[in-house]
Amino acid sequence: IFVNYLNQPEPEAQLFGVNGAFRLRARSALPQIWAIAKRRFTLPTASATAVLSERNAWWTQYEALSALAQWEGKKTLSLLRSKADESPAVAGLLGRFFWSQTLPELGVWSRSDDAVTRQKASEAARAPIPSDDARATRNAMLALMKDPLNDEELRHQLALKIGACSDDAEAEALVAEHDQAADEHARLLWAAAAFASRSNKAVPLLVRYARQSPDELSRRAALAQLADMLGPDQARALLEDGKKTDK
């Protein structure tokens, strides 16, 4: 049935066929899925058009690439790279499924004069990745995050990934890096990494931001995370204790 849908001309039918065949791992459908994935993207993203059929055609090809990345593994790496040049949103699949192979390219992409190439870096960096991949590449991510030549959005996304895979000792080191940073932008990056760790070692820094940050949004975000991590009552008590210490 799903192979029959893949052979229909409508992108909606093909999308249904891709998802169904992938769910069943029906290998008889692979030739059609590869054929869909190899088409040339005519749009950078589905949102680039208001025509529903064109949007659905973009999503059908994107889902075909996603299915193949999970199903066929590294066989799809070169295809994904070429398709990311046509539609930078595809770089999100490179980040998600081939993080270790894609990470070394992110700095080069982020420093490019070409807007599409810079967007590839952003899309790949925002992709969710397995915790094992994050741990394995943590040092490489730190090096990219520290490099001021790299795009700010890339460095911020890497900071979040670094923090999310950090243990308590590493979270404490992130807080120390924040306190030693020479400029405000670097401090914000280290703070983002420390807060993303959700470690108790980051709580004192969260309290400082909730009480002292000149930016109202930063204060609210820090307070919200404290309340989420510790509960509203304990978060409020910590802030009150800080006020008493100041006096």
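**Entry 1: the Lys120–Asp85 pair**

I looked up aspartate 85 and noted that this residue is partly exposed, with a relative accessible area of 49%. The model I am reading is a predicted one. Lysine 120, by contrast, is buried, at a relative accessible area of 7%. I then checked the two side chains against each other: they meet in a salt bridge, with N to O at 2.7 Å. Aspartate 85 belongs to helix 5 (residues 77–86) and lysine 120 to helix 8 (residues 115–126), so this pair ties together parts that lie 35 residues apart in sequence.

**Entry 2: a pair within helix 8**

I recorded arginine 126 as partly exposed, at 41% relative accessibility. Glutamate 123, at 18%, counts as buried, since the cut-off for buried is under 20%.

**Entry 3: Arg138 and Glu170**

Which residue does arginine 138 form a salt bridge with? I found glutamate 170, with the closest N and O atoms 3.8 Å apart. This pair links distant parts of the chain, 32 residues apart: arginine 138 is in helix 10 (residues 138–146) and glutamate 170 in helix 12 (residues 168–180). I noted that both arginine 138 and glutamate 170 are buried.

**Entry 4: charges overall**

I counted 13 salt bridges in the structure. Arg40, Lys83 and Glu86 are joined in a salt-bridge network. For the protein as a whole, I noted 32 positive and 32 negative charges, whose mean positions are 3 Å apart.

**Entry 5: the nonpolar core**

I turned to the largest nonpolar core, which has 71 residues. Those with the most contacts inside this core include Ile33, Leu65, Leu80 and Leu226.

**Entry 6: the whole chain**

I recorded 16 helices and 0 strands. The protein has 247 residues, of which 47% count as buried. Among contacts with a separation of 6 or more, 61% come from residues 24 or more positions apart. The accessible surface comes to about 13000 Å², and carbon and sulfur atoms hold 52% of this area. Along the principal axes, the C-alpha atoms fill a box of roughly 75 × 40 × 35 Å.

Conventions:
Residues numbered from 1 in each chain as written. Predicted model: local features only at pLDDT ≥ 70, side-chain atom pairs only at ≥ 80, totals over all residues. Heavy atoms only, no water. Core = buried A, V, L, I, M, F, W, Y, C linked by side-chain atoms within 4.5 Å. Buried < 20%, exposed > 50% of the residue type's maximum accessible area, 1.4 Å probe, protein only. Helix = DSSP H or I, 4+ residues; strand = E, 2+ residues; numbered from the N terminus. Contact = heavy atoms within 4.5 Å. Areas by Shrake-Rupley, 256 points an atom, 1.4 Å probe, with all protein chains shown as cover. Lys, Arg positive; Asp, Glu negative; His and termini not counted. Charge placed at Lys NZ, Arg CZ, Asp CG, Glu CD. Salt bridge = Lys/Arg side-chain N within 4 Å of Asp/Glu carboxyl O.
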